[in-house]
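Dear colleague,

Please find below the structure that I am handing over to you. My notes on what was found in it follow directly after.

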Amino acid sequence: MKKTTIIFWITTGIIFLFEGVMPALTGHTELAKEGIRHLGYPEYFGTMLVVYKVIGSILLVIPNLPRKVKEWTYAGFGFDFISAFISHWVVTGFGPELILPVVLMIILVISYLQFQKLHEARLAL
């Protein structure tokens, strides 16, 4: 159980940092705005993504939220990573920018699996 908890918090912490803290600190920069424009999205879309990512990352690290809230949060990040992969692939083809969404998706899946284990263990008590 301790190993599961450690893996959960490490993976969830990585998602929190990459999807909550970093967008909150850098989402307003010209580089971030240019990245959104490069993919063909309007600037307001980047602002919406930052808001959703910050809210979602906070929801992931709040303990004892209802299971459905956490599951929808995980689903939202999954949609985000899949959409990022597809957007970059369509615009630029296969390249290094595809690595981050894939790596974050793997980390998200590991976090989700550990969340499920912890939730089942709590139910068994």
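This is a predicted model: local features need pLDDT of at least 70, side-chain atom pairs count only at pLDDT 80 or more; totals for chains, interfaces and linings use all residues.

Residues are numbered from 1 along each chain as its sequence is written, and side-chain values use heavy atoms, with hydrogens and water left out.

The protein chain has five helices and zero strands; these are DSSP runs numbered from the N terminus (helices: H or I, at least four residues; strands: E, at least two). Of its 125 residues, 28% count as buried, that is, under 20% relative accessible area with a 1.4 Å probe, protein chains only. The C-alpha atoms fill a box of roughly 50 × 25 × 20 Å along the principal axes.

Axes here are lines fitted to C-alpha atoms, for helices over the stretch in contact, and angles run from 0 to 180 degrees between N-to-C directions.

Helix α3 also packs against α4, at an angle of about 140 degrees and with the axes 10 Å apart. That angle makes α3 oblique to α4, because angles under 35 degrees count as roughly parallel, over 145 as roughly antiparallel, 65 to 115 as roughly perpendicular and the rest as oblique. In this contact, residues of α3 including L49, K53 and L60 meet residues of α4 including V69, Y74 and F77. The contact divides into seven nonpolar, three polar and three charged residues.

The largest nonpolar core has eleven residues, among them F8, I15, L60, F81 and L118. Such a core is a set of buried Ala, Val, Leu, Ile, Met, Phe, Trp, Tyr and Cys residues joined through side-chain atoms within 4.5 Å. Helices α1 (2-26), α4 (67-92) and α5 (99-124) each supply at least two residues of this core, and the largest share, five residues, comes from α5. Leaving aside neighbours within four places in sequence, F81 is in contact with I15, E19, P101, L104, M105 and L108.

With kind regards

Terms used: Buried means under 20% relative accessible area, exposed over 50%, partly exposed in between (1.4 Å probe, protein chains only). Contact means heavy atoms within 4.5 Å. Ala, Val, Leu, Ile, Met, Phe, Trp, Tyr, Cys and Pro count as nonpolar, Asp, Glu, Lys and Arg as charged, and the others, Gly among them, as polar.
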